[in-house]
Amino acid sequence: MAFRPSSLRRSRFTARALVRGLIATAVVVGVGWSGALLAANQSIQGAKKPDDAGFDGDAPTAILIEASSGSVLFEKNADELRAPSSMMKLMTAEVVFNAIKKGDIKLTDEYRISENAWRRGGAPSGGSTMFAAINSKVSVDDLLHGAIIQSGNDACIALAEAMAGNEKIFAADFMTKRARELGMTKSTFGNSNGLPDPANKMTVRELGILARHIILDFPEFYKLFGEKEYTWNKIRQPNRNPLLNSMEGADGLKTGYTKEGGYGMVGSAVQNGTRLIVVVNGLEDPEDRATEAKKMLEWGFRNFETRTLIAAEQPVGYAKVFGGESRSVKLVAKTPVKVMVHKNGSDKLIARVVYSGPVRAPVEAGQRVGVVKVWRSGNIAVETPVYAAEAIGTGSTVRRAIDGASELVIGMFRAGAEKL
């Protein structure tokens, strides 16, 4: 059942006033036990300046993200599923990184290059390969270098076969499962390397989510993406990422091409302490993807800066409580709520606390309740979890009875309104 929130008052504030508004003027609209609840719909708005123009890109699908906050600066068809080609190797790499972190495998473990890996992904295949010799044993460390720097299909197949028995199981039980754990709900995988397969589908948004996760959670492995060359089997190959030699601060991540998906890339760069991530896909020329990615990154660095809207542990609003000794609970974010805004103009920002509720008592301090979402010019710029700032015990029998009756009346009223 779709929920259409009632009109909420919108005012003009400075960034600091926005925070006060979230606390002091929160408006809660209940929608029953399973629907969304919206609290505090306030905005910052100012006149647009002539030079505050948006980015106009040529890529069919694209997204630009600030890495620290996850703030989205630009998106175009960001949720359209397309063949990710070799960019999908990021998912294989993450599965391996995570297995190493958990202690399931070690960098020094050696995996055999099967005839299948050699024939489908090695020298005979005609595709990107690390040229691993058939039946040779290669360490996980070297296979990661081959997969990431040389885009070796043979390296990915060898990792998949060793960890799961075969590629299909690896794609379904390792890659897909891990993608869902990371919040990537749309991505599907048919193999480990991105070679043409109808099941290989990802969005640029989910590729951006994956890249951000790798950068933030695996810094010790992320440095591999910035290495400019790697030699294996006496064959030296350069990193295929064109940004590494053409843009200041560029240090990752991965290019890709298949006839079905076109040319794409996931890139990242750091300038003046700010890291941006760009993903483009569906272009018709390799030079176009390099130009487009660089142009988008430069636009982001030139036009945006980070602002803190809500400090860590600062109250952002209240959630309604059902059957508690208090009728509401204060909500806080454990990390600062930051958003990238235009340097040369005032963005329209709308912030809302979104949660399912009312929240049943008892409520534990630190219990996750929902998220605070910030929209910039109609697009979601950032989402940050919010938590109960205090414990709320179970209320008296009378309190629970009153809350139950109240919810019953609200439910009946809502059901009647929906029939109108």
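**Exercise 1: The largest pocket**

In this predicted model, 28 residues line the largest pocket, and those nearest its centre are Ser69, Gly70, Ile209, Arg212 and Glu383. Determine which elements give two or more residues to this lining, and describe the lining by class.

Solution. 
1. Two or more lining residues come from each of β4 (72-76), α7 (204-217), β18 (368-376) and β19 (379-388).
2. The largest share, six residues, is that of β19.
3. By class, the lining holds 10 nonpolar, nine polar and nine charged residues.
4. The volume of the largest pocket is about 910 Å³.

**Exercise 2: The largest cavity**

State how many cavities of 30 Å³ or more are present, and identify the element with the largest share of the lining of the largest cavity.

Solution. 
1. The count is two cavities of 30 Å³ or more.
2. The largest cavity holds about 60 Å³ of space.
3. Its lining includes Lys89, Leu90, Phe225 and Lys254.
4. At least two lining residues are supplied by each of α2 (89-102) and α4 (140-148); the largest share, five residues, belongs to α2.
5. The lining divides into eight nonpolar, one polar and two charged residues.

**Exercise 3: The second largest cavity**

Which residues line the second largest cavity, and how do they divide into nonpolar, polar and charged?

Solution. 
1. The second largest cavity has a volume of about 40 Å³.
2. Its lining consists of Ala83, Gly194, Leu195, Pro196, Asp197, Asn200, Thr258 and Glu260.
3. These residues divide into three nonpolar, three polar and two charged.

Technical notes. Residues are numbered from 1 along each chain as its sequence is written. This is a predicted model: local features need pLDDT of at least 70, side-chain atom pairs count only at pLDDT 80 or more; totals for chains, interfaces and linings use all residues. Side-chain values use heavy atoms; hydrogens and water are left out. On a 1 Å grid over the protein atoms alone, a cavity is a set of points where a 1.4 Å probe fits but cannot get out, and a pocket is an open set with protein on both sides within 12 Å along at least five of seven lines; lining residues have an atom within 4 Å of a point. Grid points are joined across faces, edges and corners, and a volume is the space filled by probe spheres set on the points. Helices (H or I, at least four residues) and strands (E, at least two) are DSSP runs, numbered from the N terminus. Ala, Val, Leu, Ile, Met, Phe, Trp, Tyr, Cys and Pro count as nonpolar, Asp, Glu, Lys and Arg as charged, and the others, Gly among them, as polar.
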